[in-house]
Amino acid sequence: MSQLGERVSKKRKELGLSQTDLANKVGVSYAQIGRYETKGVQPPAEVLNKIADELNTSIDYLINGESSEKAINSLKTTEVESLPEKDKNIILNVIGAFIRDYKAKKAYSKWIN
């Protein structure tokens, strides 16, 4: 199962939706939702956008996961990886805070301007 598929499945189940429910809302067959979730098939951008909307999440989350997941993955390829776990967690919290602030500013900027 692809990470995107795992995230779609997880969000769908959190909302109490069956594959058929999600498929009907998105406009594809339940078998296609199953392929997205378990076979690693990538939905077209338009369908992915509809899935994200129906699951009350973002395309970014479905593709990349949580901000902390992205930060952890990037930490693994840097010198930060050699730091003690406590220090890595502090860095992740700081990065997460910056990402949340950026997203909040971006979301509210369309109402301010």
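Which side chains meet in a salt bridge at 3.6 Å, N to O? They are those of E85 and K88, counting as a salt bridge any side-chain nitrogen of Lys or Arg within 4 Å of a carboxyl oxygen of Asp or Glu. The model is a predicted one, so local features need pLDDT of at least 70 and side-chain atom pairs count only at pLDDT 80 or more, while totals for chains, interfaces and linings use all residues. Residues are numbered from 1 along each chain as its sequence is written, and side-chain values use heavy atoms, with hydrogens and water left out.

First, the overall layout. The chain has seven helices and zero strands, where helices (H or I, at least four residues) and strands (E, at least two) are DSSP runs numbered from the N terminus. Read along the sequence, that gives the pattern α-α-α-α-α-α-α. Of the 113 residues in the chain, 28% are buried; buried means under 20% relative accessible area, exposed means over 50%, and partly exposed is in between (1.4 Å probe, protein chains only).

Now for the inside. A nonpolar core here is a set of buried Ala, Val, Leu, Ile, Met, Phe, Trp, Tyr and Cys residues joined through side-chain atoms within 4.5 Å. The largest one has 15 residues, and V8, L22, I33, I51, L55 and L62 touch the most other members. The elements giving two or more residues to this core are α1, α2, α3, α4 and α5 (59–64), with α4 giving the most, at four residues. In general, nonpolar side chains tend to be buried together in soluble globular proteins. L62 has contacts beyond its neighbours within four places in sequence: Q3, L4, R7, V8, L48, I51, A52 and T57.

Just after α2, G27 takes a positive phi of about 90 degrees. The C-alpha atom of G27 is separated by 8.7 Å from that of K50, a residue 23 places away along the chain. K50 has its place in helix α4 and counts as partly exposed, at 36% relative accessibility.

On to the charged residues. R12 lies in helix α1 and, at 7% relative accessibility, counts as buried. Setting aside neighbours within four places in sequence, R12 is in contact with L17, S18, Q19, L22, E37 and L55. The salt-bridge count comes to six. K10, K11 and E14 are linked in a network of these bridges. K10 is partly exposed, with a relative accessible area of 46%, whereas K11 counts as buried at 18%.

Back to the opening pair: E85 and K88 both lie in helix α7, three residues apart, about one turn of the helix. K88 counts as buried, at 10% relative accessibility. In general, an α-helix has 3.6 residues a turn, so residues three or four places apart point the same way.

I90, V94 and F98 make a nonpolar surface patch of about 300 Å². Patches are made of residues with over 30% relative accessible area and no salt bridge, with like charges joined within 9 Å and nonpolar side chains (Val, Leu, Ile, Met, Phe, Trp, Tyr) within 5 Å. F98 lies in helix α7 (residues 85–112) and counts as exposed, at 59% relative accessibility.

Methods:
Areas by Shrake-Rupley, 256 points an atom, 1.4 Å probe, with all protein chains shown as cover. Contact = heavy atoms within 4.5 Å.
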